[in-house]
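Colleague: I am new to this one. Please walk me through how to read its sheet and helices.

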Amino acid sequence: MNAIAPQISTVSALPSADELDRSLRDASPAEIIAAALKTVGRDRLALVSSFGTESATLLKVMADVDPAIPVIFLDTGWLFEETLAYRDMLIAKLGLKDVRSIKPAEETLSRADPDRDLWFSDPDACCRIRKVEPLARALKPFSAWLNGRKRFQGSARADIPVVEDDGARLKFNPFANVSPEEIETIFTRAKLPRHPLVASGFLSVGCMPCTSRTAEGEDARAGRWRGRAKTECGIHTMKVS
């Protein structure tokens, strides 16, 4: 594979997202992560993870490339206790060296969600102050970021590129091309622990008030914001920067 991008030292000199996407469209997840690392360097690259039901697989591939790549975890204040425990379990299991748990600003919560019911009245606003805005702050030092979206998840994710423009930075989707079977293979070969809530019927896990069990035959993300038109929290539907 000779698609690895050259080392670039400044943000202004970064190759374009289209250029990188063309060179990496058939690359493996590990090759995509290695390319991102070589393009911007470890200090300028972050992986954003929810430590959800499939997160262990991307974190495993990243750890095999470089376990010291910074990992940003958005602790919204509404997460399941099982997710927090799973985060700690995977940090130990995979030897992750730099996991940063980011929380929403207390001032913003006091002003915009003093009764902690914004998730019900305006879930988009809730996601904005608990996810989108904290992530934007956390990503400021970085020139590129990695995430775990997959095309097989459908909806707005069906046509995601391997690399896309996120305004001030590059956004890499190392698992864009993977299949559910490949996800399962990574779990099995690496003997990765499952998210504790999977056994209870949660196939996709986000914040507690907006996550429900998935019935047999439903899409894996059907339990997210059930009964609403909303399918994304916002960090992937707008340029975070």
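Modeller: Start with pairing: two strands pair if DSSP finds at least two bridges between them. Helices (H or I, at least four residues) and strands (E, at least two) are DSSP runs, numbered from the N terminus. Here, F73 stands opposite S101 in strand 3, and V71 stands opposite V99 in strand 3.

Colleague: What should I know about the model itself?

Modeller: It is a predicted model: local features need pLDDT of at least 70, side-chain atom pairs count only at pLDDT 80 or more, and totals for chains, interfaces and linings use all residues. Residues are numbered from 1 along each chain as its sequence is written, and side-chain values use heavy atoms, with hydrogens and water left out.

Colleague: How many bridges join strand 2 to strand 3?

Modeller: In general, strands of a sheet pair through backbone hydrogen bonds, either parallel or antiparallel. In this case four bridges join strand 2 to strand 3 (residues 99-102), and the two run parallel. Strand 1 (residues 45-48) and strand 2 also run parallel, joined by two bridges. There, V48 has I72 as its bridge partner.

Colleague: Are the residues on the two faces of strand 2 buried or exposed?

Modeller: In a regular strand the side chains alternate between the two faces of the sheet. Buried means under 20% relative accessible area, exposed over 50%, partly exposed in between (1.4 Å probe, protein chains only). In strand 2 (residues 71-74), V71 and F73 on one side are buried, and so are I72 and L74 on the other.

Colleague: What is the order of the strands in the sheet?

Modeller: The sheet is open, has six strands in the order 3-2-1-4-6-5, and its pairing is mixed. Strand 3 and strand 5 (163-165) stand at the edges with a single partner strand each, so one side of each lacks a neighbour in the sheet.

Colleague: Which residues of helix 3 meet helix 4?

Modeller: Contact means heavy atoms within 4.5 Å. From helix 3, A56, L59, K60 and A63 meet Y86, L90 and L94 of helix 4.
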